[in-house]
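Here's a quick briefing to read with the model open beside you. Have a look at the fold, then work through the points below.

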Amino acid sequence: MRVIAFQAGDMGATPILPISKCCPDGLKEIVMTYKFFVQNKTQTPQSQPIPGREADMIQGRSDGWMFKADLWNVLRRCLLIGTAQGAYYAGKQELTGEFVEVLKQAIALNPDRVASEILYASDGRAINNSAPLLALVLLSMGETVEAKHAFQSIFPQVVRTGSHFYEWLSYTKAMRGFGKIVREAGKSWLSNPDAKGLAYQLLKYQQRQGFSHRDALRLFHVKPPTEDHNQLFQWVIQGWENLPQEIPSDALAQIWWYEWLKRNPERTHEAIAKGRLTHEMAAPVGKMDKRAWQLLFNDMPIGAMLRNLGSLTELDVLTADNRDNLKRVAKVLNSAEHLRKGRIHPIDVLKALKTYQSGGQLGRSQKTWQPVPRIVDILEQALELSFEVMQPTGKVFLHAIDVSGSMSYYSVSSIGLTCCEIATTMALATAKAEPHYVIRGFATDFRDLKITARDSFRDAIAKASNQNFGGTDAAVAYEWAIKHKFKADVFCFWTDCESWAGRKHPSQALAEYRRKVNPGAKAVYVTLAPYNISLIDPQDSMSWDIAGFDPGTPRLIQMIAAGEL
């Protein structure tokens, strides 16, 4: 189509510029076609849905258009990441409301699969057990017989400690009340055949979440199955007015020593040594000094050790010249087996590392201490060991860490771990397992973070945290790789998935990269926020969407790279 433009009202006037081409008669013409509109588009601004894919897409809270995340993917994200902390684009009430609705839909579709997802998250993969416990309550509220059976089958594996039991009770009271199925579960937990293990839980966690074990026993009308249970329940309800002359049984030994310590607080050392009391048992009633803490340290399990490194340092139990105690810290924390059995999540170690390094400025402790460099090194090694990795695949990885403003805002713990810090930690853990990699950060451009596998986790976090800026455009990673002809086997994105600022969608940029550089390139998006959006084109069989904060994520990425999935 050709259009000649003249000044209005003067058919003999000179044509209006701009002029694109001379005509034979001396007039200038402007060539204008609608080819740009009718041709097949390979680029669409992220502020608009991809033409023809509108039904597959949803507008995110950032106003960018992304693909809808699968129901089961969203469920796993919420279980692993949790929704009790607000994110940059949504508050905790909104996120948790969406989580509940997703749970209800999933339970109606397949309660057994929901039960499997709850177990998967509860077994040391979730940040903590709160989201699986909330989901457990929703599962008990399912309308079908299958949902009730699924709840009963997984209850003992999810509600493992007294702390879990109290939290489950508080959610149950708030959301549904104590019907038959709940009473059966409560009775079963309090009738644990392992009377010694039950006594340990009842003593260690005497009250939480507005409940005490006395409340629970009265609520569930538990009949003691053995004499040990009978004496234990009597202690819970009435206490021991008179201390028995002798320890009633092995199952009640810790109870006896706790009661003895209440009456003899000046003999705390003896009670800890002979009664094998934990700090939760001894501290409220005993006189805690350096020697008492040393005795506790000698038998301290891994979770308690991580939480108390600062206190132990402040009390001079852990010092730079106490080689025996430092050896024990290394033996416990630098054991992959101890980490696994203790269900220690990498974020637990990262929190401990950041808290300990702060000398008491972070976290809820009122104490201050001078960090021991050797303990910082041990925590670094523990963090690396807390991730699951396999032998190097030999593939080339491009790690793209979201360093946009939203990633520095979203905090996932009480001591202020941001998504950016966690993304950096997980990316570095993956990079440390592979010799061929690049780590860069994206926001509205794609910049070198100067992070290598030789960096410590604390140094890598500092480098990434200093780069937080601007909007979010995940497509810039592909554009950089096209420009530099970087032949990546796997692109790994660590992001909250809210990409909105680009000239093209990430899926379009990936398709272009495959046309121009590597047709076999795979893409993995590790989502670090519990949103219902995805950057993965559901029609792309070589792209994966993985819920974040799973210790097995680096290993899963390696399996994808090796073609095992």
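Which residue takes a positive phi just after α19? That's Gly 359, with a phi of about 70°. Keep in mind that this is a predicted model.

**Helix α19**
- Helix α19 covers residues 346–358, which makes 13 residues. From first C-alpha to last, α19 reaches 18 Å, close to the 18 Å expected at 1.5 Å a residue.
- Its buried residues are Pro 346, Ile 347, Val 349, Leu 350, Ala 352, Leu 353, Thr 355, Tyr 356 and Ser 358.
- Those buried residues pack against four helices: α16 (302–314), α20 (373–385), α22 (419–432) and α23 (457–465).

- Strand β11 (residues 490–495) is mostly covered, with six of its six residues buried.
- In a regular strand, side chains alternate between the two faces of the sheet. Here both faces of β11 are covered: Val 490, Cys 492 and Trp 494 are buried on one side, and Phe 491, Phe 493 and Thr 495 are buried on the other.
- On one pairing, β11 runs parallel to β8 (residues 397–402) over five bridges. Trp 494 in β11 is the bridge partner of Ile 401.
- β11 is also joined to β12 (residues 522–527), again in parallel, by six bridges. In that pairing Val 490 stands opposite Lys 522 of β12.
- To get from β11 to β12, the chain passes through helix α25 (residues 506–516), and this β-α-β crossover is right-handed.

**A three-strand sheet**
- There's also an open sheet of three strands, in the order β4-β5-β13, with antiparallel pairing.
- β4 (57–59) and β13 (533–534) are the edge strands; each has a single partner strand, so one side of each is left without a neighbour in the sheet.
- β5 (residues 65–68) pairs with β13 through two bridges in the antiparallel sense, and Lys 68 sits opposite Ile 533 of β13.

**Nonpolar cores**
- The largest nonpolar core has 143 residues. Those with the most contacts inside it are Leu 139, Trp 168, Phe 220, Leu 333, Leu 379 and Trp 494.
- Helix α22 gives this core its largest share, nine residues.
- Leaving aside neighbours within four places in sequence, Trp 168 is in contact with several residues, including Leu 133, Phe 151, Val 182, Gly 186 and Phe 220.
- Another core, of 32 residues, lies apart from the largest one; among its members are Tyr 478, Cys 497, Tyr 513 and Ile 533.

**Cysteines**
- How many disulfides does the count come to? With a cut-off of 2.5 Å between cysteine sulfur atoms, the count is zero.
- Cys 420 is in no disulfide: the nearest cysteine sulfur, that of Cys 419, is 8.8 Å away.
- Is Cys 420 buried or exposed? Cys 420 counts as buried because its relative accessibility is 0%, and buried means under 20%.
- Cys 78 also counts as buried, at 2% relative accessibility.

**Asn 264**
- You'll find Asn 264 in the loop between α12 (253–263) and α13 (268–275).
- Asn 264 is buried, with a relative accessible area of 17%.
- The C-alpha atoms of Asn 264 and Gly 286 are separated by 8.0 Å, with the two residues 22 apart along the chain.

Key. Residues are numbered from 1 along each chain as its sequence is written. This is a predicted model: local features need pLDDT of at least 70, side-chain atom pairs count only at pLDDT 80 or more; totals for chains, interfaces and linings use all residues. Side-chain values use heavy atoms; hydrogens and water are left out. The expected span of a helix is 1.5 Å times one less than its number of residues. Buried means under 20% relative accessible area, exposed over 50%, partly exposed in between (1.4 Å probe, protein chains only). Contact means heavy atoms within 4.5 Å. Two strands pair if DSSP finds at least two bridges between them. A crossover is right-handed if, with the strands pointing away from the viewer, the path from the first strand over the helix to the second runs clockwise. A nonpolar core is a set of buried Ala, Val, Leu, Ile, Met, Phe, Trp, Tyr and Cys residues joined through side-chain atoms within 4.5 Å.
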